[in-house]
Amino acid sequence: MNHEQVILGPLATEKGDRLREQHNVVCFRVVPAANKVQIKRAVETLFEVRVKRVRTANFGGKEKRWGRFVGRRPNWKKAYVTLAEGHSVEIYKGV
């Protein structure tokens, strides 16, 4: 899997903002098949930072109804990436 394919985009949430300010942790939405090593290499390559730790969380898609029809949202994965001291990622400027 290519580095650009692993990371789908940043997650801008209140919890993510708090983690970024207090603990230098950045949140990304990633491909569900990606593992921690692939996520670490992708972040280090794309943003030219040093990664200290990666934690992941899997989320199951919810079932949704449209009248009598039942659909399902896709499963997705979130990565909490802890950056080393002195490193930062400035991807939230437009958010």
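Modeller: Let's start with the positive patch: α2 (14-23) and β3 (51-59) each supply at least two of its residues. Keep in mind that this is a predicted model.

Colleague: OK, which residues form that positive surface patch?

Modeller: Lys15, Arg18, Lys36, Arg53 and Arg55.

Colleague: Where is Lys36 found?

Modeller: Lys36 sits in helix α3, which covers residues 36-47.

Colleague: And how exposed is Lys36?

Modeller: Lys36 has a relative accessible area of 44%. That makes it partly exposed, because the class lies between under 20% for buried and over 50% for exposed.

Colleague: Switching to rings. How many aromatic pairs does a search of the whole structure find?

Modeller: Two. One of them is Phe28 with Phe47, a stacked pair with 5.6 Å centre to centre and 25° between the planes.

Colleague: Which parts does that pair tie together?

Modeller: Phe28 is in strand β2 (residues 25-30) and Phe47 is in helix α3, so the pair links parts that are 19 residues apart in sequence.

Colleague: Is Phe28 buried or exposed?

Modeller: Phe28 is buried, at a relative accessible area of 1%.

Colleague: What about the rings of Phe59 and Trp76?

Modeller: Their centres are 4.5 Å apart and their planes are at 15°, so that pair is stacked too. Phe59 belongs to strand β3 and Trp76 to strand β6 (residues 76-83), so here the parts tied together are 17 residues apart in sequence.

Colleague: Why does Phe59 count as partly exposed?

Modeller: Because its relative accessibility is 30%, and partly exposed is the class between buried, under 20%, and exposed, over 50%. Trp76 counts as partly exposed as well, at 23% relative accessibility.

Colleague: New topic, then. How many salt bridges does the structure hold?

Modeller: One. Arg20 makes it with Asp17, and the closest N and O atoms are 3.5 Å apart.

Colleague: Why does that count as a salt bridge?

Modeller: Because the cut-off is a side-chain nitrogen of Lys or Arg within 4 Å of a carboxyl oxygen of Asp or Glu, and for Arg20 and Asp17 the closest N and O atoms are 3.5 Å apart.

Colleague: How are Arg20 and Asp17 placed in helix α2?

Modeller: They are three residues apart there, so about one helical turn separates them. Arg20 is partly exposed, with a relative accessible area of 26%, and Asp17 is partly exposed with 28%.

Colleague: Back to helix α3. Is Ile39 buried or exposed?

Modeller: Ile39, which lies in helix α3, counts as buried at 0% relative accessibility.

Colleague: How far is the C-alpha of Ile39 from that of Gln22?

Modeller: The two C-alpha atoms are separated by 22 Å, and the residues are 17 apart along the chain.

Terms used
Residues are numbered from 1 along each chain as its sequence is written. This is a predicted model: local features need pLDDT of at least 70, side-chain atom pairs count only at pLDDT 80 or more; totals for chains, interfaces and linings use all residues. Side-chain values use heavy atoms; hydrogens and water are left out. Patches are made of residues with over 30% relative accessible area and no salt bridge: like charges are joined within 9 Å, nonpolar side chains (Val, Leu, Ile, Met, Phe, Trp, Tyr) within 5 Å. Accessible areas come from the Shrake-Rupley method with a 1.4 Å probe; for residues, only the protein chains shown count as cover. Lys and Arg count as positive and Asp and Glu as negative; His and the chain ends are not counted. The place of a charge is taken as NZ of Lys, CZ of Arg, CG of Asp or CD of Glu. Helices (H or I, at least four residues) and strands (E, at least two) are DSSP runs, numbered from the N terminus. Buried means under 20% relative accessible area, exposed over 50%, partly exposed in between (1.4 Å probe, protein chains only). Rings of Phe, Tyr and Trp (its six-membered ring) pair if their centres lie within 6.5 Å; planes under 30 degrees apart count as stacked, over 60 as edge-to-face and the rest as tilted.
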